[in-house]
Amino acid sequence: MCPDTGAWLTLPWPGDHVLPWGHPSRLAKLPPSLGPAVIRWCEKWLVNPTTGQPWRFTPAQKRWLHLWYALTPEGRWVYWSGCKRGAKGVGKDPLGGAMVLAEFAGPVEFAQWGPGGRPLSRARRMALVQIGANSEAQAADLLRLANAMMSKRLRDRLGMTKADLGVKRTVRPGGSRIELLTASEASNEGDPATAVFLNETHHMTDANQGTKLAEVGDRNVSKSPKHIGARLCELTNAFQQGQDSRAERTYNEWQAQVSGAKRRQGVNLLYDSREADPSTQLHDWDSLMRGVEQAYYDAPWSDLERIAMSAQDTRRTPAESIRYYLNGLAAAEDAWADPKNFDAMAKPSVKLKDGDRIVMFLDCSKSTDATGLVGCRLSDGHVFVLGVWQKPHGDRGKGWLAPRDEVDDTVTEAFEKYKVLWFGVDPSPATDDDTEVLYWKEVIDKWHRTYRRKLLVWATPGAQQGNSVLFDMRMSARGSRQRLEDFTEEAMETARMINEEGAGFTHDGHAALRKHVRQAKERPNQWGHTLGKVTRDSNKLVDLAVCMVGARLGRRRVLNSTKYRKSTGSGKVVVMR
């Protein structure tokens with residue numbers, strides 16, 4: 001949190017290099033970096049595109065550049081990709097233009113360590129800087145801005161004329177150039193890229209081929225030789241959650257890294273975002289103005305009152321106002337639960353111990369949806385993912401079927417490691433698909449025979465027609481109405497706890513679980529509101545969110561059961577938090 005304004009910051013993350021916001025004089029406490037040299041070069045040779053005055057970075061932009069060009073003791077980059085996310089009008093494009101020119105002709109290549117451990121740098125001999133966006137026109141806008149920031153002194157120094165500043169390509173003697181990135185692999189063969197910039201990545205999706213272009217950019221920097229150290233940097237507004245845009249995928253990757261889910265890899269994605277306090281109320285002018293001041297703190301040129309009026313414009317949805325003017329990741333109007341709050345509930349440091357009492361829920365699929373297994377610890381309600389299996393992308397997914405043997409092995413391992421008191425298995429997706437049920441019938445029968453005496457509470461009670469593990473929610477199944485009602489009640493309670501900023505339980509921060517919660521939509525039924533996919537045939541899966549609700553329902557059933565009260569020896573009813 002920003003100590004000056006209360007804004008939410010991603011840079012720095014707790015455990016990183018924590019410095020008060022806006023104090024560049026203390027940058028010496030950060031890792032050694034080429035950033036100061038890049039800053040000096042830009043402020044010497046570039047101009048403000050609107051005023052023609054010498055270019056000047058803001059304090060936050062200087063901090064970003066210092067970290068972006070930070071070096072390891074081996075002289076390699078600390079961060080190998082990056083994303084600068086901000087509200088509309090905070091200066092992302094001019095910053096991007098300055099970075100494009102620095103990569104084109106500035107001192108961005110590490111040369112050697114100088115006196116006192118100061119890194120020395122030089123300009124690249126054959127720079128190839130590529131700019132990509134959702135459309136060629138958007139990419140050309142950033143190139144046009146970069147061209148406008150190049151001073152006449154710099155052009156003269158580089159031996160360039162105005163004719164060298166093109167709408168699709170800018171070149172200079174010696175072979176260095178800036179060009180627009182295209183999605184055609186053939187057109188991008190040849191010299192390796194030295195830097196790639198993607199603009200407005202919140203618009204890049206599979207549907208408009210934007211993610212395909214981004215993947216070309218990824219490949220272009222990854223195939224670059226080691227001595228070049230090419231990298232990709234994104235500039236974006238806040239993305240629409242659940243759209244699966246490139247910006248959302250980058251955010252998910254950063255979350256996975258900083259949460260510790262990728263311990264071996266560490267944090268190599270630099271993610272910089274300044275977001276208004278999530279408690280900001282759009283309808284309350286004082287609250288809104290405070291939020292706008294937080295989001296635009298590093299953009300003193302902004303007309304804050306005009307921005308606040310735009311945010312309150314009823315022709316714009318609240319979610320759009322939060323994204324564009326507060327830089328917030330607003331939940332969609334039909335979201336099941338607030339994904340931002342759910343992310344804040346992640347506690348990957350929480351570890352289970354052998355013998356812990358848990359419950360589990362398995363949501364099955366044959367080939368389309370994911371099959372997920374989620375556990376919930378009885379003592380504190382901590383939710384954790386035990387396994388997830390889903391069809392691979394592309395040709396590898398043709399003919400794929402959920403691996404029942406692997407699922408069975410995972411279930412067996414869980415029973416061996418923990419004391420499982422309840423285990424629910426839903427054998428089919430929401431459709432009444434007998435094929436799906438039959439696919440899992442044999443292994444479900446096996447689990448019933450194996451664990452019926454180990455489970456304290458059965459998923460479907462009843463001596464004659466009960467089953468120790470089967471929790472069939474198809475409407476055609478016997479007793480499904482009560483199960484659906486119970487599940488709906490738990491889905492509403494779980495959503496309430498998440499929306500109230502995570503009061504009551506934590507989770508392991510598993511990337512797929514967070515993604516499925518983000519994609520889950522609120523779905524009304526006769527008992528209230530449950531959760532589901534955006535459409536029945538959508539590939540935006542929610543199965544782990546379903547498993548989480550199912551596991552929490554299992555925990556409730558155990559804690560409220562007479563058998564459990566007798567097993568604890570207390571004889572008291574356990575009150576759920």
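Predicted model: local features only at pLDDT ≥ 70, side-chain atom pairs only at ≥ 80, totals over all residues.
Local features need pLDDT of at least 70 and side-chain atom pairs count only at pLDDT 80 or more, while totals for chains, interfaces and linings use all residues. Residues are numbered from 1 along each chain as its sequence is written, and side-chain values use heavy atoms, with hydrogens and water left out.

Take the open sheet of 4 strands, ordered β13-β12-β11-β14 with mixed pairing. Here, strands (E, at least two residues) and helices (H or I, at least four) are DSSP runs numbered from the N terminus, and two strands pair if DSSP finds at least two bridges between them. β13 (383-389) and β14 (419-426) sit at the edges with a single partner strand each, so one side of each has no neighbour in the sheet. In the antiparallel pair of β11 (residues 357-363) and β12 (residues 371-377), there are 6 bridges. Helix α16 (residues 543-559) packs on the sheet and touches β11, β12, β13 and β14, contact being heavy atoms within 4.5 Å.

As for aromatic rings, the whole structure holds 16 pairs. Rings of Phe, Tyr and Trp (its six-membered ring) pair if their centres lie within 6.5 Å; planes under 30 degrees apart are stacked, over 60 edge-to-face, and the rest tilted. Phe 415 and Tyr 451 make a stacked pair, 3.6 Å centre to centre with 5° between the planes. Phe 415 belongs to helix α12 (residues 404-417) and Tyr 451 to helix α13 (residues 434-451), 36 residues apart. Elsewhere, ring pairs tie Phe 239, Tyr 251, Trp 254 and Tyr 271 into a cluster.

Conventions: Axes fitted to C-alpha atoms, helices over the stretch in contact; angles between N-to-C directions.
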